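Biologist: I'd like to go through this model with you and hear what stands behind each label. Shall we put it on the screen?

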Protein chains: 2
Amino acid sequence: MDIAATDTPEQTTLHEQIVERLRAVLLDGELGYGAKIPEAELCLRFGVSRTPLREALKVLAAEGFVELRPNRGAIVAPVDPDDVAHLFEFKGAIEHRIGLLAAVRATAADQARLEECHALLRTHPEPSAYTALNQDFHRALAAATHNPVLVQTYDNLQKRVLRLRFVVNVNPVRVAQSFDEHEAIMVAFRARARLDLAERLEAHNRLTGEAVLRALAGSAVPG
Amino acid sequence: MDIAATDTPEQTTLHEQIVERLRAVLLDGELGYGAKIPEAELCLRFGVSRTPLREALKVLAAEGFVELRPNRGAIVAPVDPDDVAHLFEFKGAIEHRIGLLAAVRATAADQARLEECHALLRTHPEPSAYTALNQDFHRALAAATHNPVLVQTYDNLQKRVLRLRFVVNVNPVRVAQSFDEHEAIMVAFRARARLDLAERLEAHNRLTGEAVLRALAGSAVPG
DNA sequence: CGGATCATTTTTGCATGCAAAATCGAACCC
DNA sequence: GGGTTCGATTTTGCATGCAAAAATGATCCG
């Protein structure tokens, strides 16, 4: 009985698929912040009954993407500038540690992957590509810590930040500046200069956070 | 109509209660690591149907307390020493940042609360009280950062560590040593010495983690 | 004409029902 | 006797049903 075929059975249940699809919908900004999430409508859309959809909503609430109001349904988590500031501040702490650890632990494969991500950002300077490539770059750095617990939390924070890109409307000036910061990050990384890498990563995060908060202050939060 | 009565409506739905009760069961170590979580049995016990219980399981899985195996039910998250090491390592990063932030932001009330927690640990040196009081102490420090995002993640990590106390069986020697570390932490805190506080907190976490890992290596992981 | 009140509709939360998968056990074969 | 295979039982996953709560909006009163 197929000894080798034991790999990636990874049977995925319905509610699990719904979690991913719904999270994608939320990250795509299709629903405005604070918008009501109508169970019935999404059931139609996904072609499932309410049970797995509700289970998925619970998970997404635990992840911070939706807010559950007893007897009043779920809404897309609203964007509160205070919260966003705290989000970036906390992420800064993790970025810093990613620097400390990645500088020491990154393997050749990790470095190759990171160089690849960085190169893609260089060859695709257009803001439209920025979001995805930038995320890949930072995910590659996080992966180089080889700490799954850190990676998972970092990934969640990254996604919660990603959600904001529709308020802030990626700024070309900031994108260019961000690339320069990445360059410096790569220099520190290649030299395996832990403290330098850590500080540059945290500073990069702080600058991004400040840009987001400024944009947030400018635009009345929709939703 | 009762203008003042708007406070703490906080209506809590059934599945939410189940999340808390079930998490308490898991933290109380009633079920062994890796043990099967029988839906039917828990439904009887909590007096609810399977729907809210299953919703609760999804949340607890997202929080890292249970593991969901498609078509095979839920189990108490097994204890993998590697994972535990990563958990402590990551928590160390947060402890460090708690030190940096709390030293600067703690209010008089925060400090009073912290002193209170510390005093309780002094007056209750018995290992049986240690776990709860120690957790309060560190929670108070986390709260002094005034960063809810950090606090929530920290709280989750703390609880995931708490789960391990049944493998490691709180060691009196370590409890005494831990108190000394707390003393040093308090000294740094009172002086608002950020770096010192941060380093002491991280070291304290590392020492605790090492003790847990040693105990873990000694006892074959039950469950 | 503005605002409150109440009936109607809609939506939410939970219980139950049913089909598919997994588990268990007994019979069976080598 | 050890191991396998097949059927019965249990358990899981999802759909549906039903009661309670909220949202809607029409009516009434000032």
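Biologist: Which residue is the bridge partner of Glu67(A) in S3(A)?

Modeller: That's Ile75(A). Keep in mind that this is a predicted model, where local features need pLDDT of at least 70, side-chain atom pairs count only at pLDDT 80 or more, and totals for chains, interfaces and linings use all residues. Residues are numbered from 1 along each chain as its sequence is written, chains are lettered from A and ligands numbered from 1 in the order in which they are written, and side-chain values use heavy atoms, with hydrogens and water left out.

Biologist: What makes S2(A) and S3(A) a pair?

Modeller: Two strands pair if DSSP finds at least two bridges between them. Four bridges join S2 (residues 66-69) of chain A to S3(A), so they pair, and they run antiparallel. A strand here is a DSSP run of E with at least two residues, a helix a run of H or I with at least four, both numbered from the N terminus. S2(A) and S3(A) form a hairpin with three residues between them, and Asn71(A) in the turn has a positive phi of about 65 degrees.

Biologist: Why does S1(A) count as paired with S3(A)?

Modeller: Two bridges join S1 (residues 36-37) to S3 (residues 73-76) in chain A, and the cut-off is at least two, so the antiparallel strands pair. Lys36(A) stands opposite Ile75(A) there.

Biologist: How many residues surround DNA strand D?

Modeller: There are 19, counted as near if a heavy atom lies within 4 Å. Among the closest are Leu14(A) and Arg54(B). H3(A) gives the most to that surface, with three residues.

Biologist: What is the mean pLDDT of chain A?

Modeller: It's 92, with 94% of the residues at 70 or more; pLDDT is the predictor's confidence in each residue, from 0 to 100. Over residues 1-8 of chain A, though, the pLDDT is below 50.

Methods
Contact means heavy atoms within 4.5 Å.
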